[in-house]
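Here is a friendly walk through one protein model. Please take a look at the chain before reading on.

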Amino acid sequence: MTNTTKNYRRVNPDHIHDVRSNALGLGGLYSIEVELARLIGQWIARFPEFPEKLSLAEMVYEEAMHAQMLEDRLLELRTNEEDVAHLRARTAPVFKQLEQLDDPDKFLSGLFRVVKPAQQADLRLHLEACPPYVDTPTVRMLERILQEEDRHISTGLSLLAERGISWRETLDFETGLREGLWNLNDIGSSFLSGEFVGKEPISLPVPVWPAAVEYLSTDQQMPDWPVGHKEEMQRCVHELVFSELEALDIFGRYVYEFSGFPWKFYVEAARLCWDEARHVELLLNILDRYDGEIGQWPANAPGYEEMVRCPTVLDKIMMVNVIAEGEYSTDTQTQHREAFKQLGDDLSALLKDYEMADEIVHGRFGIKWARWLSDSTGEDFEVAYRAAKQSLDDFKAKYADESSNMASIVNIPLIRLGPEETESTRLVNVSAKRLVGFSEEQISEMTAEASEVIDEK
Ligand SMILES: [Fe+2]
Ligand SMILES: [Fe+2]
C-alpha cells in the first residue's frame, strides 16, 4: 500500500483526470452547487434573525457563482448544453431532506456540519487529480471555490456556536443526514434524476421575521405615525429596513422556486438577494445612528405578500423588478438620497446613492428576464406590464383609506413607496429610467404627472 500520509503529495498518474472523467467529476460538483443555491435560497425567508438571513444571502450568491464557473468549465470540456441542463435536474437525498425540514437550527447543523464538509472533501479530491499544465483553469476555479467554502463553514459553525447549538445535540440528526449524501466515486447511483430542490416549491405565504418585531399582514393597520422629528425618522428608517428585508426574502425565493431559466438568471437573482442584504445592513446602520431599534414598531411585507399572490412568474418579475424596483424604487432612492442631503446626513446620502445604482440593475434584470420569459412562453410582455401596473394601483387604492394616518408622512422628507405616494407628489429620475431600459414613450408616460423630473448626466 503506497497511499501513505508521506506520499500524499505525490502525483499518481493513474489518478489524473482525462477530459471525460474531469467533466464527470465537475458535473457532480456542479449539481451539488446548484442544489445548495436553491436550498439556501429557500431557507433565507425561513430564518427569523438578521445574522442568518444576511450570511445566507451572501452564500446564495457565492454558490450560484460557483455553479456558473463550473458550468462554463463543463462546456469547455465538451459537455453539451443539454447535458448541463440534466445536471441541474438531479439531486441527492440529503438536499431533499434539508428542503423539507421544519427546524432552522437543524438546517444550520446539516448544512455546515454535514453537507459542506462533504462537499469540501470532494472539491479537494478533484483538485488533487487535475493534470498539470493543461487543466489550470479548473485548478484556479476550484481553489477559489474552496476558499469561499472554507469561509462559509467557519461562518456557519460560528452561527451555530452563537446560538448555543452544541455538536452533541445534533448528532443523531446528522447521522441520518449522512445516509443521504452523494458519493462522487459512484456518481451513477448517488443522484436521483428528475428530482431537485424546488421542483414542487413548498409555499411560504409570509416571510419569517425577527422575534423582536411584530409581523402585521398587509390588511392589518400599522400603528399611528409618531410625533416629533426624531421619532418620525426612526419609524421611517425602521420601515425601510423591513422593505429591504422583504426584498431579500423575495429574491431568495426566486432562486428556489422559479425553475426552467438558464443558470445566469439564478446568478443574477442571487446577486439581487445579496444586494438587498447589504441594503438591510446599511439601513440598520442608519437606524442605529438615529437611535432607533428593531422592534420599536411592528412591520409588514406588502411586497412579499403581493409577490406570492401574483399568479405567474412573469407577473411576479413584472411587479417586483420592472415596476416596484425599476420604475418606482429608482425614484424613491433618489428622493431619499436628496432628503438625507437636506438633513445634512451625508453618510446616509452616500449610502443611498449606492443603493440607487443597485436598484437600476434590479430593474434591468426585470426587463431582461420578463422579455426572455415572454419570448419563451408566448405570454405578452405589454399585457403583463399593464396588468401589474393596474394591480399596483388597485392595491394603493385599497389601502389608501385605511392608512389615512399616513398622510402625515409627507411632512418628513422621506417617503416610502406605498399608498401614500401619488403621481402628483412624485419625483421621477429620468436618467435612471433610461439606464434601466424603459423606452422614451414609457418614460414620458411616467413623467406626465410628476412634480419634479431629475435628469442626471
Ligand atoms: Fe434594496
Ligand atoms: Fe432592489
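## Around Cys 273

Leaving aside residues up to four places away in sequence, Cys 273 touches Ile 44, Ala 57, Val 60, Tyr 61, Leu 248, Phe 251, Gly 252 and Val 255; two residues are in contact if their C-beta atoms, placed from the backbone, lie within 7 Å. This is a predicted model, where local features need pLDDT of at least 70, side-chain atom pairs count only at pLDDT 80 or more, and totals for chains, interfaces and linings use all residues. Residues are numbered from 1 along each chain as its sequence is written, while chains are lettered from A and ligands numbered from 1 in the order in which they are written.

Cys 273 is also among the residues with the most contacts inside the largest nonpolar core, which has 97 residues. Such a core is a set of buried Ala, Val, Leu, Ile, Met, Phe, Trp, Tyr and Cys residues joined through C-beta atoms within 7 Å; buried means 20 or more other C-beta atoms within 10 Å of a residue's own. Domain 1 and domain 2 both give residues to this core, so it lies between them.

The domain bounds come from an automatic or database domain assignment:

Across the protein, buried residues make up 42% of the 457 residues.

Technical notes:
A residue is buried if 20 or more other C-beta atoms lie within 10 Å of its own, exposed if 12 or fewer, and partly exposed in between; C-beta atoms are placed from the backbone.
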